Amino acid sequence: MLENNNDSVHAVVWEGGVLRLLDQRLLPHKVEYLSYADSAEVASAIRDMVVRGAPAIGVAAAYAVVLSARAWYARVPERWKDLMETDIKQLADARPTAVNLCWALEKMRVCLAECENPEEGLLDEAKRIHAEDVVACQRMGELGAELIESRCSVLTHCNAGALATGGYGTALGVIRSANKAGKIQHVYADETRPWLQGSRLTAWEMVQEKIPVTVLVEGAAAHLMKQGKVQWVIVGSDRIAANGDVANKIGTYNLAVVARYHGVKFMVVAPTSTIDMRIGQGDQIPIELRSEDEVMMNQCKRVAAEGAVGWNPAFDVTPADLVDAIVTEKGVVLEPTAKKMAALMTQ
Ligand code: MRU
C-alpha cells in the first residue's frame, strides 16, 4: 500500500510519536515501512540507505532529534540537552556529502536552544522542515517545467524523486510538472550503479504515475545523446558550492561532460537548503566513500575478481560551467557563477 499525498509516495512519515521510513533497499519489490523510536537507529538507517536522497535524509534527521530529546528528557531531565549532543553528532556524520542533513540539524539546534522541554516546538520545527521541503519541490517543479520545450525527452540520474525528498521530488518534481503540462515525451533513467536508484526507484516512481520510462546503463548515455534522443539531462544535488559547482550521485559529472559535447542541456534542481555558501568551490565538498563491497559484490555474492580492490565514491562534482540551469524554490540561476548564486541567496 502506498502512502500518497500530492501525487507522490512518502518516504518519511511521522505517526503516533514514531518515525516511519519506507525501506528503499526493498523497492520496487516490496513497499515496507520500518518504525523508529530511537535516534541512533535513525542514524544507522540513514547510513544504510533505508532512507536516502539529501532532502529526505534531512527530514528524517529532524524527526530523529525529536526522538532523542524525548528519550533523554525522560531518562535524565536535568541534562537532557547535553546528552543529545552525541545523538546529533551521530546523525550529522551518517552521510557527509548531503548538506541538507547538517542544515536540518542546525535548524533543530536553534529550536532546541529556545525550549525548556522536548514538547516545546521541536516536533513543530521538524514538521515545518518536512512541509516546507514539499512546497519547495512543487515550486521547483513549476519553475523547471517552464524551461522545458514542448514534447521533449529527458535523461535523469539516480533518484531525485518523492522518495528522496519530503515529497514530490526535485528533478522528478520538474519531470512530474512538465508531464502534467504535456511537455514530456519520454524519461530515460540511468540505472545508477551500485545502488540502482535509477532502475529501482526512479523507474518505480515513473511507472506509478504512468510516465513512460526506459532504464539504461550509465555507459549508454553518450550513445543515447548522439542519436538525438534527449534534449535535457535533469538531476538533483547533495550539495552546491557558492560558485555553483554541483555534487551529486557518482556519474553525474560524466553525464554533464557528455551532455555538453552533444549540445544537450543540463539542469540541476535543488532547494536552497542544498546550497552551501560556506564552501567556495566544489573541490572543497566532502565526498562520501562507501564500502568497496557495494562495487565488488552483487546480491551478497562477490562478482569482481579476487585480489582486485574496489573504489566507491558515492558522489562527484560537476563544475558550474557545465550546468545550464540551477532551479531552486527561490528562482532559477542560468549559467551559474559565484555572483549569481550570491544574488539568489541574498534575495
Ligand atoms: O546516495 P543517495 O541515493 O542518497 O544519493 C542521492 C542523490 O544523489 C540525489 O540525486 C540527491 O540526493 C538529490 S535528491 C533530491
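**Domains**

I started with how the chain is divided: domain 1 covers 6–133 and domain 2 covers 140–345. I noted at once that this is a predicted model. Next I looked up the spacing, and the centres of domain 1 and domain 2, taken over C-alpha atoms, are 25 Å apart. Domain 1 brings 30 residues to the contact, and domain 2 brings 34 residues.

**The interface**

How much area do domain 1 and domain 2 bury between them? I found about 2600 Å², with 55% of it on carbon and sulfur atoms.

Then I went through the polar side of this interface. The rule gives 16 residue pairs in polar contact across it, both residues being at pLDDT 80 or more. I also checked which elements make up the side of domain 1 that touches domain 2: β2 (8–9), α2 (54–75), α4 (99–114) and α5 (122–147) each give at least two residues. By residue type, that side of domain 1 has 15 nonpolar, eight polar and seven charged residues.

For salt bridges, the rule finds one across the interface of domain 1 and domain 2. I also looked up the pair Arg 95 and Glu 288, which form a salt bridge with their closest N and O atoms 2.8 Å apart.

**Ser 273**

I stopped at Ser 273, in the loop between β12 (265–269) and β13 (275–276). Is Ser 273 buried or exposed? Its relative accessibility is 9%, so I put it down as buried, the cut-off being under 20%. Which residues does Ser 273 contact, leaving aside its neighbours within four places in sequence? They are Val 99, Asn 100 and Trp 103. With Asn 100 there is also a side-chain to side-chain polar contact of 3.2 Å.

**Gly 166**

My next stop was Gly 166, in the loop between β6 and α6 (171–180). Gly 166 has a relative accessibility of 2%, so it counts as buried too. Beyond its neighbours within four places in sequence, I found Gly 166 in contact with His 10, His 130, Asp 133 and Val 134.

**Cis peptide bonds**

I looked up two prolines here. The bond joining Leu 27 and Pro 28 is cis, with omega about 5 degrees. Pro 28 sits in the loop between β4 (18–22) and β5 (33–36). The bond from Arg 193 to Pro 194 is also cis, and its omega is near 0 degrees. I placed Pro 194 in the loop between β7 (184–190) and α7 (197–208).

**Positive phi**

Last, I checked backbone angles. Arg 151 is not a glycine, but its phi is positive, about 50 degrees. I found Arg 151 in the loop between α5 and β6 (152–156). How accessible is Arg 151, then? Its relative accessible area is 47%, which makes it partly exposed.

Gln 299 is not a glycine either, and it has a positive phi of about 50 degrees. Gln 299 belongs to the loop between β14 (297–298) and β15 (301–302). I noted a relative accessible area of 73% for Gln 299, so it is exposed, the cut-off being over 50%.

Technical notes: Residues numbered from 1 in each chain as written. Predicted model: local features only at pLDDT ≥ 70, side-chain atom pairs only at ≥ 80, totals over all residues. Heavy atoms only, no water. Domains from an automatic or database assignment. Contact = heavy atoms within 4.5 Å. Buried area = accessible area lost by both parts, 1.4 Å probe. Salt bridge = Lys/Arg side-chain N within 4 Å of Asp/Glu carboxyl O. Polar contact = N/O pair within 3.5 Å; in protein donor to acceptor, adjacent residues only side chain to side chain. Helix = DSSP H or I, 4+ residues; strand = E, 2+ residues; numbered from the N terminus. Nonpolar A, V, L, I, M, F, W, Y, C, P; charged D, E, K, R; others polar. Buried < 20%, exposed > 50% of the residue type's maximum accessible area, 1.4 Å probe, protein only.
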